[in-house]
Amino acid sequence: MEKEVKLPLTPELVNTLTVGDVLYLTGYVYTCRDAGHKRIQEALAQGKSSPIDWTNQIIYYAGPCPPSPGHIFNSNGPTTAARMDPFLEMMYQLGALATLGKGNRADYVTDLCKKYKRVYLMGVGGASAINRDKVKSAEIIAYEDLGTESIKKLYFDRFRVIVGIDSKGNVLQKQEIQKYKR
Amino acid sequence: MRTINTQDIVPVIEKLCQQACYELNDNVMNAFQEALTKEESPIGKDCLSIIIKNGKFAKEHQLPCCHDTGATVVLMEIGQEVCWSGIALEKQVNEGVRLGYTNGYLRKSVVSDPLNRVNTNDNTPAMLHTEIVPGDKVKITVMPKGGGSENMGAFKVLLPGDGVAGVKKFLLETVQKVGGNPCPPYIIGIGIGGTMDKCAWMAKKALLRPIGEHNANPFYAELEKEFLEAVNNTGIGPIGYGGRVTALDVHIDYFGVHITSLPVAINFQCNAARQATAIL
């Protein structure tokens, strides 16, 4: 099913999503990936807080190219989500409702999606040029020294994703791959 | 002898970095089109259509087709009749990469040290390979290699008696394990034989061979076809979301090997199969 989704997400909406749903996201998301997650983990361990409030937010696992003159943003797309698996429960506890990445995730991610009623959204790995114009504003929020890995606040205009793991614990790849196996 | 100043390669490499990242070549784009006709999965077809649309958009607007513009593999095939003047070749290769990535607004994805991890902010050092070949020309190939697919590579030393069945088992185990992470439809490069270093380099270099072109040795050409079919029968499909096209091709290169050894290296090339070449 195709759905237009205005951000931020709500827990109620997340519960209605099913694997295979194609969503067009409009609104703010935050990028955060390997180094950003590690910084947040270190901050929490030292009794400090995360630089942003993750409540109801989507974490976009992305490291974009630097913008070229005349453009707000450049090629961007989801990176391999599995590298952020060890940080996922921490981010769910901070309130994030969804992650946006690509590729397979560990089995325990499915359990976490069920336990916390969260979803994993996926893009198309490698198809990053067409996402340039889907980003209408971009602002560095934290960890600027990390360059492409800094936390950025982006405004999406109908950014296309597909639901990969839903809050019932269904996994798109597990369902689909079986159909085409010989 | 022909003398070339190492400085002359700087603008060439700068341009090749940008061309490779902005423009997937016709061989790759045509392979996507062919995959689209073969694909049975509706989600798989959607993914392929998006990848094709993206490739066209990137070329038309001259921006990186994938945000991960990779570590920069540079292969220089240098004619043995070429003599070099100027400062060190490797320095000039890195200067070309630095300019290419900076002026081309490509992502800087390389850290100077694997454990202390500070970004060099110019994508250097390049992964430079030089080979001496007959003639007086220099062929430069730039291959930006994304982390998602590179991280899924595997190397194993099999027993000589494991033979073809052992190689196939190792390949399919690896393909199943990595699933959609190397961004299929991908190309698989397989190096068989040599020593550890030689084997891994063969796997990488095999990725440069055009899709649809087989090993000149009919035995290995048949293996490539057999392995391709087996990989596509996993059902992993485009982007790993299920489908009939997981790999666009399988390329094998082989080399002589010690009597005790059967080393096998597997290297994945994601759908952003980027390469650009110039001849000086």
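Two strands pair if DSSP finds at least two bridges between them. In β8(B), His251(B) is the bridge partner of Gly189(B). Helices (H or I, at least four residues) and strands (E, at least two) are DSSP runs, numbered from the N terminus. The model is predicted: local features need pLDDT of at least 70, side-chain atom pairs count only at pLDDT 80 or more, and totals for chains, interfaces and linings use all residues. Residues are numbered from 1 along each chain as its sequence is written, while chains are lettered from A and ligands numbered from 1 in the order in which they are written.

**Sheet of chain B**
- Four strands form an open sheet in the order β6-β9-β7-β8 (chain B), with mixed pairing.
- Its edge strands are β6 (154-158) and β8 (247-255) of chain B, and each pairs on one side only.
- From one strand to the next, the twist averages 15 degrees.
- Strand β7 (residues 186-193) of chain B runs parallel to β8(B), and the two pair over eight bridges.

**Helices α6 and α8 of chain B**
- Helix α8 (residues 218-232) of chain B lies across β7 and β8 of chain B, at about 140 degrees to β8(B).
- Axes here are lines fitted to C-alpha atoms, for helices over the stretch in contact, and angles run from 0 to 180 degrees between N-to-C directions.
- Helix α6 (residues 163-178) of chain B packs on α8(B) at about 35 degrees, with the axes 11 Å apart.
- On the α6(B) side, the contact is made by Val164(B), Lys168(B), Leu171(B), Leu172(B) and Val175(B). On the α8(B) side, Leu223(B), Phe227(B), Ala230(B) and Val231(B) take part.
- Contact means C-beta atoms, placed from the backbone, within 7 Å.
- By class, this contact has eight nonpolar, no polar and one charged residues.
- Ala, Val, Leu, Ile, Met, Phe, Trp, Tyr, Cys and Pro count as nonpolar, Asp, Glu, Lys and Arg as charged, and the others, Gly among them, as polar.

**Helix α1 of chain B**
- Eleven of the 14 residues of α1(B) are buried, so the helix is largely enclosed by the rest of the structure.
- Buried means 20 or more other C-beta atoms, placed from the backbone, within 10 Å of the residue's own.
- The buried residues include Ile9(B), Ile13(B), Glu14(B), Cys17(B) and Tyr22(B).
- Among the elements covering them are α3 (42-61), β2 (71-79) and α4 (89-103) of chain B.

**Chain A against chain B**
- 35 residues of chain A are in contact with 41 residues of chain B.
- The chain A side has twelve nonpolar, 17 polar and six charged residues.

Key
Buried ≥ 20, exposed ≤ 12 C-beta atoms within 10 Å, placed from the backbone. Contact = placed C-beta atoms within 7 Å.
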